[in-house]
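Trainee: I would like to learn how to read a sheet and a core in a new model. Could you take me through one?

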Amino acid sequence: MRTGKYNFDRVWYEFDSLSVYDGEIWPDMTDELDWCKQNFGPNPVTPDAWSRWYVNRWIFRFRDEKDYLIFL
């Protein structure tokens with residue numbers, strides 16, 4: 001993800017929930033979303049390279065590998 005004039009790239013650790021839920025069209029991710037909010041803070045409205053985590057559609061992205069591993 002590039003932000004501003006500094007062209008800062010970040011590698012995100014991704015969890016694609018659709019692959020876990022066997023391709024369900026609308027999987028219910030309420031429990032996972034609530035857990036992330038309780039443990040990592042709110043889902044940012046406009047995620048950037050400094051965001052700890054965010055979810056877009058059904059893909060959860062984590063800035064730090066340790067957070068990704070805890071989520072798994």
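Mentor: Gladly. Let us begin with a definition: two strands count as paired if DSSP finds at least two bridges between them. This is a predicted model, and read along the sequence the protein follows the pattern β-α-α-β-β-α.

Trainee: In what order do the three strands form the open sheet?

Mentor: Strands of a sheet pair through backbone hydrogen bonds, either parallel or antiparallel. Here the order is β1-β3-β2, with antiparallel pairing. The edge strands, β1 (13-16) and β2, each pair on one side only. Neighbouring strands are turned by 20 degrees against each other on average, direction ignored.

Trainee: How many bridges join β1 to β3?

Mentor: Four bridges join these antiparallel strands. To place them by eye, find Y13, which stands opposite F62 in β3.

Trainee: Now the core. Which residues make up the largest nonpolar core?

Mentor: A nonpolar core is a set of buried residues of nonpolar kinds, such as Val, Phe and Trp, joined through side-chain atoms within 4.5 Å. The largest one here has eleven residues, among them F15, M29, C36, W53, F60 and F71. At least two core residues come from each of α2 (30-40), β2 (53-56), β3 (59-62) and α3 (65-71).

Trainee: Which residues does F60 touch, leaving aside those up to four places away in sequence?

Mentor: F60 touches Y13, E14, F15, M29, E32, L33, C36, W53, Y54, V55 and F71.

Trainee: And what share of the 72 residues counts as buried?

Mentor: That share is 29%. As for contacts with a separation of 6 or more, 54% are between residues 24 or more positions apart.

Key
Residues are numbered from 1 along each chain as its sequence is written. This is a predicted model: local features need pLDDT of at least 70, side-chain atom pairs count only at pLDDT 80 or more; totals for chains, interfaces and linings use all residues. Side-chain values use heavy atoms; hydrogens and water are left out. Buried means under 20% relative accessible area, exposed over 50%, partly exposed in between (1.4 Å probe, protein chains only). Contact means heavy atoms within 4.5 Å. Axes are lines fitted to C-alpha atoms, for helices over the stretch in contact, and angles run from 0 to 180 degrees between N-to-C directions.
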